[in-house]
Amino acid sequence: MGLSGTWAEADWELYRPAVFGAAYRILGSVAEAEDVTQEVWLRATAADLVQVRDLRAWLVTVAARTSYNVLQSARVRRESYVGPWLPEPLLTGSDAAARVLLDESVGTAMLVVMERLTPAERVALVLHDVFDFPFTHIAEVLAVTPAAGRKLASRARARVAAVRERPRASRAETERALKAFKAAADAGDMARLVELLNPEAVYVADGGGRATAARRPVRGAEPIALLAIRQIEIRRPDAFEIIEVNGRPALATYCGGKLIWLDTVEITDGRITELRRLVNPEKLERVGHI
C-alpha cells in the first residue's frame, strides 16, 4: 500500500505527530525535527510499502534512523555551542501549529538531560520508553546487538531518572510562580524574588552567542534575583504572556512586540529550583512575536 492519493494524505496526518515527536525528542530542535519529518515523507512516497504491516512503526523507524544520523553529524557543532544549550521550544498549546505526542520525555527539563546522552543512548531511550519498540528492532536501527541496545536504554534511563522521579508542580502553581517572579522583577523587589527562589536555585541562560546571556549557570537565590532585576532595567520589556511550550507553562517576555526571552521553571515545595531563560533569537523565532 503506497502513500499516494487521498488515503495517503489522511494516513500521513494520522502518523505525522509520531514521526515529528520521535525526531524532536532525539534532536531537541524543532527546525531539525521538521527537516527529518519532511525527509521521512519523501522516503515514504518513494518506497514500496505493500509488505509493511505497521506503517506507524515503519515511519518512526525511518525518523529515528535519520535523526540518529543528524545528531551524530551535529555533535561537533553542539560541542562548540557558546554557553549553555537549551532545547528549541515546542509550542504545544491549543493554538500550536503542529500536534505532537506529549509526555515527560518532551519536557524541557528532560530534553536538557537527554542532551548529555550519546546519540545512540537517546535513540534507544526514545524508541523503547516512548514508542515501546523491542530491543531487536532498536538493534537494527543502531546496528548493534539486542543486548547492546538494552544496555544503551538502561544506561540512558539511569541518567534521566532524577528528572522522571522529580515531583512535578501543577500547571496552576507553575503559572503563579512565573507571574510572581515577573512582577517582583519588574518592581525591583529583591526580597520578594529571594523568597520565590530556593536558596540553591540554578539559573541557566541560552544565548548561543547571538544574544547577551550568562555563559555559565548562576547559582543561589540572591545572585539570580539581582540578575533578574538588572535584565529588566536593561531591556525594559513592555509585555508578557503565559504560553504553553513542551507541555508546560512558560513566560514569554516581549519588547516592542518582539519576543526577547522565554522562561521555564522547575518548582519544589513552592519555590523555584531551576530557572531556564532562552534568549537565542534563532530558537525564539518559531515561537513568534506579537
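Is Glu266 buried or exposed? At 17% relative accessibility, Glu266 counts as buried, where buried means under 20% relative accessible area, exposed means over 50% and partly exposed lies in between (1.4 Å probe, protein chains only).

## Basis of the model

This is a predicted model, in which local features need pLDDT of at least 70 and side-chain atom pairs count only at pLDDT 80 or more, while totals for chains, interfaces and linings use all residues. Residues are numbered from 1 along each chain as its sequence is written, and side-chain values use heavy atoms, with hydrogens and water left out.

## Salt bridges

The structure holds 17 salt bridges, a salt bridge being a side-chain nitrogen of Lys or Arg within 4 Å of a carboxyl oxygen of Asp or Glu. One of them joins Glu266 to Arg166, with 3.5 Å between the closest N and O atoms. Glu266 belongs to strand E5 (residues 258-268) and Arg166 to the loop between helix H7 (146-165) and helix H8 (171-187), so this pair ties together parts that are 100 residues apart in sequence. Helices (H or I, at least four residues) and strands (E, at least two) are DSSP runs, numbered from the N terminus. Arg166 counts as partly exposed, at 25% relative accessibility.

Arg276 forms a salt bridge with Glu274, and here the closest N and O atoms are 3.1 Å apart. Arg276 is buried at 5% relative accessibility, whereas Glu274 is partly exposed with a relative accessible area of 25%. Through salt bridges that share partners, Arg166, Glu266, Glu274 and Arg276 are joined into one network.

Another salt bridge links Glu195 and Arg192, whose closest N and O atoms are 3.3 Å apart. Both residues lie in helix H9 (residues 190-196), three residues apart, which is about one turn of the helix. Glu195 is partly exposed at 48%, and Arg192 is partly exposed at 31%.

## Nonpolar cores

In soluble globular proteins, nonpolar side chains tend to be buried together. A nonpolar core is a set of buried Ala, Val, Leu, Ile, Met, Phe, Trp, Tyr and Cys residues joined through side-chain atoms within 4.5 Å. The largest such core has 49 residues, and Tyr24, Val40, Met114, Val123, Leu127 and Leu142 have the most contacts inside it. Elements giving two or more residues to this core include helix H1 (5-27), helix H2 (30-46) and helix H3 (55-79). Apart from this core lies another, of 28 residues, including Ala185, Leu193, Ala205 and Ile267.

Leaving aside residues up to four places away in sequence, Val40 touches Trp12, Val19, Leu59, Val62 and Ala63. Contact means heavy atoms within 4.5 Å.

## Packing of H5 and H7

H5 and H7 pack at an angle of about 85°, with their axes 8 Å apart. Axes are lines fitted to C-alpha atoms, for helices over the stretch in contact, and angles run from 0 to 180 degrees between N-to-C directions. The two helices are therefore roughly perpendicular to each other; angles under 35 degrees count as roughly parallel, over 145 as roughly antiparallel, 65 to 115 as roughly perpendicular and the rest as oblique.

## Surroundings of Gln231

Gln231 is placed in helix H10 (residues 221-235) and counts as buried, at 16% relative accessibility. Not counting residues up to four places away in sequence, Gln231 touches Tyr203, Arg236, Trp261 and Arg277.
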